[in-house]
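Dear colleague,

I am handing over the structure we spoke about, and my notes on it follow directly below. Please read them with the model open beside you.

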Amino acid sequence: MTSLSSLQATISKITTIPTLPTVITRISKLLQNPQTSAEEIGKVITTDQALTTKVLKLVNSAFYGFPGKIGTITHAIVILGFSTVANIVLTASILDVFRRKSNEGAAFDMEKFWLHSIATGAAAQAIAKFIGSSQKEECFIAGLIHDIGKIILCQYQPAAFDQVLQDAQQKQILFYESEKAQFDVTHQEIGGMLAEHWNLPAALTAAIKYHHIPSTSRDFFSVTAIVHCADIFVRAMDVGNGGDEKIPCMAEVAWNNLGLENVPLPTLIEKINDEIERSTVFLQMIN
Ligand SMILES: [Fe+2]
Ligand SMILES: [Fe+2]
């Protein structure tokens, strides 16, 4: 069994991942200052030309659905606002960090993993919109990265990760149950450590840490609960795959707390489906 300390050492190895901390930290600092102008934020983002291109591609995609062509970051900020653009930059940066990290020959299907992740983000956003939550963008990002701990384990502990995958499939158990047996910790804790290391907003960190057991997420329950439900919907709808075949049970406390107990399911599923269809732009970015 791999010890927690060796997993923490694993996390410390990935501190060299560049894009996320620098650009995101600089933007977060600027956003804290009410005097910051759209030009200043635009300048920081455009120091990274590749990132700028991706952000503009997202901004102009059907997923965000803004009419007309947005040609510059400054223009995007004026039209969409600081926080939306900051969230788009965060999304593009995260996708950038993990893109093209193929694991050829390994049993874990990265393509299906990302399909699952992007669909969970889209589903979380759809649920957030459905219940009138003001945190739809946070929900999208949280859904997108809820299983990010799996990528870390797959890349840095490949042999043990393959064993987890095999056990999950052969014993027909949930992925995190298999991880618990193999590592004693799960992708929730590993992803949570990465999120803390990156100084991601607390609501995102909580959603990553507690998405399988949302009742343990006290402070940021609603984003966690939305991601929990979105994850299960996407699995039940069979979009992508996160490494196991078993569909976990929906936590009643999450479902009820979001006020979903009396909603007509077909209507909600239709909204989720529409949002997933619009999210294909993210798949193109990960390849
Ligand atoms: Fe998970
Ligand atoms: Fe998942």
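With 25 C-beta neighbours inside 10 Å, Leu153 counts as buried, where buried stands for 20 or more other C-beta atoms within 10 Å of a residue's own, exposed for 12 or fewer and partly exposed for what lies in between, the C-beta atoms being placed from the backbone. Leu153 belongs to helix α9 (residues 148-156); helices here are DSSP runs of H or I with at least four residues, and strands runs of E with at least two, numbered from the N terminus. If neighbours within four places in sequence are left aside, Leu153 is in contact with Phe161, His187 and Ile190, a contact being a pair of residues whose C-beta atoms, placed from the backbone, lie within 7 Å. Between Leu153 and Val223, 70 residues apart in sequence, the C-alpha to C-alpha separation is 24 Å.

Please keep in mind that this is a predicted model, in which local features need a pLDDT of at least 70 and side-chain atom pairs count only at pLDDT 80 or more, while totals for chains, interfaces and linings use all residues. Residues are numbered from 1 along each chain as its sequence is written, and chains are lettered from A and ligands numbered from 1 in the order in which they are written.

As to confidence, the protein chain averages a pLDDT of 86, and 90% of the residues score at least 70; pLDDT is the predictor's confidence in each residue, from 0 to 100. Among the elements of the chain, the lowest mean pLDDT (64) is that of helix α1 (residues 4-13), and the highest (96) is that of helix α16 (residues 265-278).

From its first C-alpha to its last, α7 reaches 30 Å, close to the 30 Å expected for its 21 residues at 1.5 Å a residue, the expected span being 1.5 Å times one less than the number of residues. Just after α7, Gly132 takes a positive phi of about 75°.

Helix α13 (residues 202-210) is likewise worth a look: eight of its nine residues are buried, so α13 is largely enclosed by the rest of the structure. The buried residues of α13 pack against α8, α9, α12 (187-197) and α14. Which residues does Ala207 contact, leaving aside its neighbours within four places in sequence? For Ala207 these are Ala142, His146, Phe220, Val223, Thr224 and Val227.

The axes of helix α8 (residues 136-145) and α13 come within 9 Å and cross at roughly 40°; axes are lines fitted to C-alpha atoms, for helices over the stretch in contact, and angles run from 0 to 180 degrees between N-to-C directions. This contact is made by Glu138, Ile141, Ala142 and Ile145 of α8 together with Ala203, Leu204, Ala207 and Ile208 of α13.

Most residues other than glycine have a negative phi. Gln172, however, has a positive phi of about 55° although it is not a glycine, and it is found in the loop between α10 (158-170) and α11 (175-183), where it is exposed, with 10 other C-beta atoms within 10 Å. Asp238, in the loop between α14 (221-236) and α15 (252-257), has a positive phi near 60° and counts as exposed with 10 C-beta neighbours inside 10 Å.

Finally, two residues from the region of α5. Phe63, in the loop between α4 (49-59) and α5 (73-80), counts as buried with 21 C-beta neighbours inside 10 Å, and it touches Leu58, Arg278, Ser279 and Val281, not counting residues up to four places away in sequence. Ile79, in helix α5, counts as partly exposed with 15 C-beta neighbours inside 10 Å; leaving aside its neighbours within four places in sequence, Ile79 is in contact with Phe66 and Ile70.

With best wishes

Notes
Two residues are in contact if their C-beta atoms, placed from the backbone, lie within 7 Å.
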